[in-house]
Amino acid sequence: MRRQPAVATLLPIALAACIIGCFGSTGATQGRSARGPNWLGQGAIAYADFDDPERADLRDSHTDIEVIRVPERSAGQGLIGGCANTTGSTIALRSNRFSPHRPWTLSFWWALPRDLPIDGGFGMFSLTGKGYIGAFVRGKGEWCALQRPAGVLQVYYFGGIQNVNDIYDGDLAAHLALQGGAWHHTAAVFRMGAVVDMLTDGRRVARIATTGRPFAEGDAVRGLEIGGGVLVDELAVLNRAIAPENIADYVAGMRRIAEYLRP
Ligand SMILES: [Ca+2]
């Protein structure tokens, strides 16, 4: 906790003790503490808080995750501290661990740098190999004749698996604050070798279960990109499929910490 105990009443001290005690920086990821509950710290095989511009985020994490690209940081604009600014380029990683035939979880926070125009869009994440799994927001335009920015989850181009273009929310702005600086959490959970769950702010918004066959190691899914037009913070890759109720608890806890640490 970075905030100094310069407080006038006992209430903030009690609150801080509760946050640290119940939801502290507990887990260690290759020497780095992952903010959040135990299951996050213990399960994280990659983690970045993007707080220290001198530190090479993700590079000292598990050695079988190759860091292809980490864009520039924006100091002080993150959910907590600094963040990665993906308006110029995405965060790009590569590893066998990203194959959806294994259970794993991608967790990160994102915010738009400015209010989203009606024809605006941005990327959330994408996985690539001999197929594509991705989530993004696409604005009003010719693509699918959208009238409003829509949330999309896709599974495409896997031989033997039916393509799915799931426009899970045709009017995202009606359900999610898309103003600049409004932070949201996205989790993608890969479970049972055949299911992709997507959660926004701890709530499941989309699920794709494969039709035809499950995902396979031979699909060679290695590439992971995060962001594309957004600020990204508190990025974690976990080596198991996290239950939705745990993710909801994590989101609520991080919002309390962010609120408390806000200058
Ligand atoms: Ca941060």
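Let me start with a quick one: is Asp64 buried or exposed? Asp64 is exposed, because 11 other C-beta atoms are within 10 Å. For the cut-offs, buried takes 20 or more other C-beta atoms within 10 Å of a residue's own, exposed takes 12 or fewer, partly exposed is in between, and the C-beta atoms are placed from the backbone.

Before I go on, some housekeeping. Residues are numbered from 1 along each chain as its sequence is written. And this is a predicted model, where local features need pLDDT of at least 70, side-chain atom pairs count only at pLDDT 80 or more, and totals for chains, interfaces and linings use all residues.

Back to Asp64, then. You'll find Asp64 in the loop between strand S3 (44-48) and strand S4 (66-69). When I say strand, I mean a DSSP run of E with at least two residues, and a helix is a run of H or I with at least four, numbered from the N terminus. Leaving aside residues up to four places away in sequence, Asp64 touches Ser95, Asn96 and Arg97. Touching, or being in contact, means that the two C-beta atoms, placed from the backbone, lie within 7 Å. Take Arg97: it sits 33 residues from Asp64 in sequence, and the C-alpha to C-alpha distance is 8.1 Å.

Now let's zoom out. The chain has three helices and 17 strands. Of its 263 residues, 39% are buried. If you take the contacts with a separation of 6 or more, 62% of them are between residues 24 or more positions apart.

How much of this should you trust? The average pLDDT, which is the predictor's confidence in each residue from 0 to 100, is 88 for the chain, and 86% of the residues score at least 70. Where pLDDT is low, the predicted coordinates should not be read in detail.

Next, the inside. The largest nonpolar core has 64 residues, and those touching the most other members are Ala44, Ala188, Val196, Val232, Leu235 and Ala236. A nonpolar core here is a set of buried Ala, Val, Leu, Ile, Met, Phe, Trp, Tyr and Cys residues joined through C-beta atoms within 7 Å. Click on Val196 and, beyond four places in sequence, you'll see contacts including Ile133, Leu153, Ala188 and Ile208.

There's also an open sheet of seven strands, antiparallel, in the order S4-S7-S16-S9-S10-S11-S12. S4 and S12 are the edge strands, each pairing on one side only. Inside that sheet, strand S10, residues 131-138, is joined to S11 by seven bridges, and Val137 has Gly151 as its bridge partner.

Last stop, a few loops. Most residues other than glycine have a negative phi. Tyr157, in the loop between strand S11 (150-156) and strand S12 (164-169), has a positive phi near 70°. Tyr157 counts as partly exposed because it has 14 C-beta neighbours inside 10 Å. Met192 also has a positive phi, near 60°, and lies in the loop between strand S13 (184-191) and strand S14 (195-200). With 13 C-beta neighbours inside 10 Å, Met192 is partly exposed.

And finally Gln179, in the loop between S12 and S13. Gln179 is exposed, because it has 12 C-beta neighbours inside 10 Å. Its C-alpha atom is 4.1 Å from that of Asp115, 64 residues away along the chain.

Key: Two strands pair if DSSP finds at least two bridges between them.
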